[in-house]
Amino acid sequence: PSPSPSPNSTLALAGPPPYMIAAIRRQQLQLLAGARSRGIGAAALRTMANIPQVTLKDGKTIPAVGYGLYKVTGEECMACVTAALGAGYRHFDSASFYQNEEAVGAALEAAAVPREELFITTKVWNDCAGYEEAQKSVRRSVAALKCGYADLVLVHWPHPGHGETYRALEDLVDEGLIKSVGLSNYTEEDYTELRKTLRIEPVVNQIEVNPLLYRKEEIEYFQGEGIVVQAYKPLRRGAALESAEIAGIAEKHGVTPAQVCLRWGLQHDLVILPKTSTPARMPQNLDVFGFEIDAEDMAFLDGLTDAATVENWASHLIERRNQDLGAYVTRPRED
């Protein structure tokens, strides 16, 4: 049975408002009608069966492909989650910072997919740094997502004092509110610092990875530590799709440029997190297990990253580390 939240936490939220319920039902009826006409229901079941499960360091498993939820909110978010479920996704990557967890939770609840079929991730943002605020953040996220527990919770950025944030997550693993704990945007130096105090090993490090931003040494370091690397922005927000070189490889294999980028990530043993709000592209982004990129093309794709892109990413990391500490971004003012 799914573990229950701590009796000391005030997790109970009112159900979704009537307009949300109506919107979800409309979307689901439309999706069902489309599924019946095109056989999507059966295809989604086949897709779910074909998505490999990656074994994590703690023995649990995670689907190799997940659906990213950044920058979709409200009814659009509910429509995306409903469509993603219909396409066969069961792994959803969320975060308190995305400001959409109630919409995600409402769509998942309305879909009535068995909880054991889902893999749900959330993250603790910088404004909830520290032990107490981090625990409050996770409890709010689990309540909003209506999922009973989180399969995976990440420290979103290695902010100052991230060790205490991580300790809060370790204790929530003991409580049963979290199944696994992990990192996001960590460098080797950040992880070395965290290792001095951690008690439960992180199972993933979620970082940006795509053919236009491939940091080979960083990825291989974490994989060498037994930590699965998850790739967010695997299409670099569409920029990779504009590459003539990637388009050429796609044409060679008879697939789309997006499928090339995603398959490239899988062949580097990454868990990939594509995000699209276009329903037609959702099954395409899952259909990446029927072909293989040859060694020559893999090496070519590996070489598309330039020094300027890596420098820009490093600057972004420094900015994000210290952003919003103490600001009310995800933390309610009444707390």
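The structure is a predicted model. Its chain has an average pLDDT of 87, and 83% of the residues reach at least 70. Where pLDDT is low, the predicted coordinates should not be read in detail.

Helix 3 covers residues 74–87. At 1.5 Å a residue, its 14 residues should span 20 Å, and the end C-alpha atoms do lie 20 Å apart, so the two values agree. Of these 14 residues, 10 are buried, and helix 3 is therefore largely enclosed by the rest of the structure. Among the buried residues are Cys-77, Met-78 and Cys-80, as well as the run Val-81, Thr-82, Ala-83, Ala-84, Leu-85, Gly-86 and Ala-87. After helix 3 comes Gly-88, which has a positive phi near 115 degrees.

Two packed helices are described by the angle between their axes and the distance between the axes. For helix 10 (residues 257–267) and helix 12 (residues 295–302), the angle is about 100 degrees and the axes are 11 Å apart. Helix 10 is therefore roughly perpendicular to helix 12. On the helix 10 side, the contact involves Val-260, Trp-264 and Gln-267; these meet Met-298, Leu-301 and Asp-302 of helix 12. By type, the residues of this contact are 4 nonpolar, 1 polar and 1 charged.

Technical notes: Residues numbered from 1 in each chain as written. Predicted model: local features only at pLDDT ≥ 70, side-chain atom pairs only at ≥ 80, totals over all residues. Heavy atoms only, no water. Axes fitted to C-alpha atoms, helices over the stretch in contact; angles between N-to-C directions. Helix = DSSP H or I, 4+ residues; strand = E, 2+ residues; numbered from the N terminus. Parallel < 35°, antiparallel > 145°, perpendicular 65-115°, else oblique. Contact = heavy atoms within 4.5 Å. Nonpolar A, V, L, I, M, F, W, Y, C, P; charged D, E, K, R; others polar. pLDDT = per-residue confidence, 0-100. Expected span 1.5 Å × (residues − 1). Buried < 20%, exposed > 50% of the residue type's maximum accessible area, 1.4 Å probe, protein only.
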